[in-house]
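Let's take a walk through this structure together. Keep the sequence and the 3D view side by side as you read.

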Amino acid sequence: PQTVYLKDYAPPAYLVDEVHLTFRLAPTATRVLSRIRFRPNPESSSRDFFLHGESLTPIRAAIDGQEVRPDITEAGLTCAVPDAPFTWEAEVEISPETNTALEGLYMSRGMYCTQCEAEGFRKITWYPDRPDVMAPFTVRIEGDAPVLLSNGNPVGVGEGWAEWHDPWPKPAYLFALVAGDLVAHRDSFVTRSGKTVDLALWVRPGDEGKCAWGMEALKASMRWDEARYGREYDLDVFNIVAVDDFNMGAMENKGLNIFNSAAVLASPDTATDANFERIESIIAHEYFHNWTGNRITCRDWFQLCLKEGLTVFRDQEFTSDMRSAAVKRIEDVRMLRARQFPEDQGPLAHPVRPESYQEINNFYTATVYEKGAEVIGMLKRLVGDAGYSKALDLYFDRHDGQACTIEDWLKVFEDATGRDLSQFKLWYSQAGTPRVSVEESFEGGTYTLTFTQHTPPTPGQEEKRPLVVPIAVGLLSPNGDEVVPTRMLELTEARQSFAFEGLASKPVPSILRDFSAPVVLERAASRAERAFLMAHDTDPFNRWEAARSLARDSLIATIREGAAPDADWLEGLAAMLRDDTLDPAFRAQVLALPTQSELAQALADRGQTPDPDAIHGAVEGLKDAMARHLSDLAPGLYDAMRVTGPYAPDAEQSGKRALGNAMLGLISRRDAGALAARQYAEADNMTLALAALACLLRVGKGSAELAAFHERWKDDRLVMDKWFALQIAEAKPESAVETAARLTEHPAFDWKNPNRFRAVMGALAGHHAGFHRADGAGYALLADWLIRLDPVNPQTAARMMTAFQTWRRYDAGRQAHAKAALERIAATPDLSRDGAEMVGRMLG
Ligand code: HT7
Ligand code: ZN
């Protein structure tokens, strides 16, 4: 396969002034007619006319009304064209029903829908399918579906047809079309300049009761973007459609967002609090793309973080404002460590702005998204809130309607704040997680912190340079008072000292507050010091971090030398749980242990080969110890967290349920599931029911409840995904693979549906000890299914291949099994470009 390089970027030879499309819908023979006004690009010296196009059956083509016979290849066409503006017309035939890759125009249970990012439009018609070609689109849809939707504003509708016009120039990846038997949940929003926007959330009949939350989230997002970023919506309508078969969470098509049903549909009895929170943030994310992504888009796909990092950062800010900022920061860092750190520390490491790819779909990664957002958070910390606002205002003013680069983005910060960002820019080009170590000294009232930074090599990048690392530091006196409030230190050298003068006694430092940079902080703080920070730090993130690192070290000590659980940590935990001034959601976060995969990495970092069974055993042992140590406290706290009144998925209620369910988890370890059985029987919402069912399965009970759950929800696909996933997640390490294998035989295991495939195979990959079983059965089962899925849906198969990315961490036996599984995938005849690139990088 061909590798595409950032350095080879060249502007398009032709620009597009307008696009007219007509769709004559038919499941296996849809006709797409295009009329496109092209003109030579004055910025390009090339006059080669090339249009992308894949899997299209050509019917006819014409230039300025004259039939032409272009040279057609597998990737597109070339044609002789006039050296002046001209009109291109073409007709092609495509087959949405047989399009199982869910890219381009496809069908999901009788409904037509599209997914064009990144390069799906070329499966719809011939076009310069690259984000720096932007044009207004007019779309006519002809078909017998009752609802026919496309981007922009409706301009006409009749029996069997509808016409849409999107006046905002956009790249083809933002094109969308939906046609089907849908019903609307409607509302409206009045923008701050007084324009009324008609809002609709389109779903299948029967799903009307799951729309209210998504609509509220949309209105909250629209309000927030006006208030916080001064960004107003710019069309008369905003449509969202829920689709069952979808490769990712959602897609920000202009005026017509398309969502995976799982990322938008929710009701108290079918969705958990976590689902509600995720839906709120995805709705916000896609809505925010209207400005950061759509009005200002990417010049090329190497600049993906320009829209994704920024939009993730904005959705994180939104959730912080809507809920608890401290809890949101903890959740985001947990996610970063669980998903991005392994990527950055393994064979798939790549810069936030990659420099080459074979298949761009493989670069919608945690590095581009989550680390991309962290980079923006650091920029904001460095320039301050006012500098950030000024830079963003300039960004929107200067670049509205353009396709931009990271250079454009950084230049607005330089121009708005006067800062030189040349060293900061390294965050975009240098892969890998920096490691920052700290030494301290105290002499004559001066406390000095000396930081050393080092980024380990990553594939293709042996040498690393020092980065600009904002390190937020506060100092506490030994009695717990804050003697130096948070100060932002800027580490720019490989080794650098910072002094704090005039201190009466040696302080306790609180370093990397609010997780001010995406680094691994290597600091040999004593257990006593961390217990002190756990009790006294004024920075909630670092309070949580102190607790977390004590738990991690306790687990590591158990794994390495069979040590008993850290009694000081258990005592500190009890004190925090008893502290009613602390938000229940925060207390629930303090109870969450590091993931088993994180522990494996922590052991590997300390030079020890991780043993998944020993890790699993240590975690179970620590949970038992927590259950014992907190046994007096847990029942009272469980009762205190009971919510009365109608269910609401807000921060307050969901925090209480999170802490209550955490207590239930501990209590179940000692009452053989009696309380969990009661909670399950009495539950009037999915959050309580699912947590209770999980506790029952964990203690080897719950088969009757599991069967009843199935009976009640067998017709609800989203709830059934939970039913599948839960059984694997709660299986014992020795039976997780068999449980997954058994579930693949279940008649409801519709493996071509990405949600269902992920429910089973994703749950297996997420079961650390189960997936990494010593006999390689976990690797083999996943490989079997990836080989089967690859020709059907390469995108979803390739994403799931990342389950293997840590394979080199483990012992020789496991490595041999994992390597054999990867080689088997690599040797599959006609393996997709997506799959070939992923296994190639992991084996490389
Ligand atoms: N911009 C979108 C990324 C995307 C996608 C979405 C759905 C299906 C396939 C996709 N490929 C790329 C989603 C987002 O970040 O908002
Ligand atoms: Zn996005």
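This is a predicted model: local features need pLDDT of at least 70, side-chain atom pairs count only at pLDDT 80 or more; totals for chains, interfaces and linings use all residues.

Ser55 is partly exposed, because 15 other C-beta atoms lie within 10 Å; with C-beta atoms placed from the backbone, 20 or more others within 10 Å make a residue buried, 12 or fewer make it exposed, and anything in between is partly exposed. Ser55 has its place in the loop between β4 (50-52) and β5 (57-63). Helices (H or I, at least four residues) and strands (E, at least two) are DSSP runs, numbered from the N terminus.

Residues are numbered from 1 along each chain as its sequence is written, and chains are lettered from A and ligands numbered from 1 in the order in which they are written.

Asp830 is another residue other than glycine with a positive phi, near 60°. Look for it in the loop between α25 (812-826) and α26 (833-843). Asp830 is exposed, since 8 other C-beta atoms lie within 10 Å. Most residues other than glycine have a negative phi, and most peptide bonds are trans.

That brings us to a peptide bond that is cis: the one from Glu117 to Ala118, with omega near 0°. Ala118 sits in the loop between β11 (111-115) and β12 (135-142). Glu117 also turns up beside ligand 1, where the closest residues are Gln115, Glu117, Asn247, Met248 and Met251, out of 13 that surround it (a residue is near a molecule if its C-beta atom, placed from the backbone, lies within 6 Å of it). The elements giving two or more residues to that shell are β20 (250-251) and α2 (273-288). Sorted by class, the shell has five nonpolar, four polar and four charged residues; Ala, Val, Leu, Ile, Met, Phe, Trp, Tyr, Cys and Pro count as nonpolar, Asp, Glu, Lys and Arg as charged, and the others, Gly among them, as polar.

Which residues of α6 are buried? They are Ile406, Trp409, Val412, Phe413 and Ala416. These cover an arc of only 125° around the axis, so they are on the same side of α6; the arc is that of the directions from the helix axis to the C-beta atoms. The buried residues of α6 pack against α3 (304-322), α5 (366-399), β24 (403-404) and α7 (426-429), where contact means C-beta atoms, placed from the backbone, within 7 Å. Just after α6, Gly418 takes a positive phi of about 75°. As for α3, 16 of its 19 residues are buried, so the rest of the structure largely encloses it.

Last stop: Pro610, in the loop between α12 (596-605) and α13 (612-629). Pro610 counts as buried because it has 24 C-beta neighbours inside 10 Å. Beyond its neighbours within four places in sequence, Pro610 is in contact with Ala600, Leu603, Ala604, Ile615, Arg809 and Tyr810.

How values were computed
Two residues are in contact if their C-beta atoms, placed from the backbone, lie within 7 Å.
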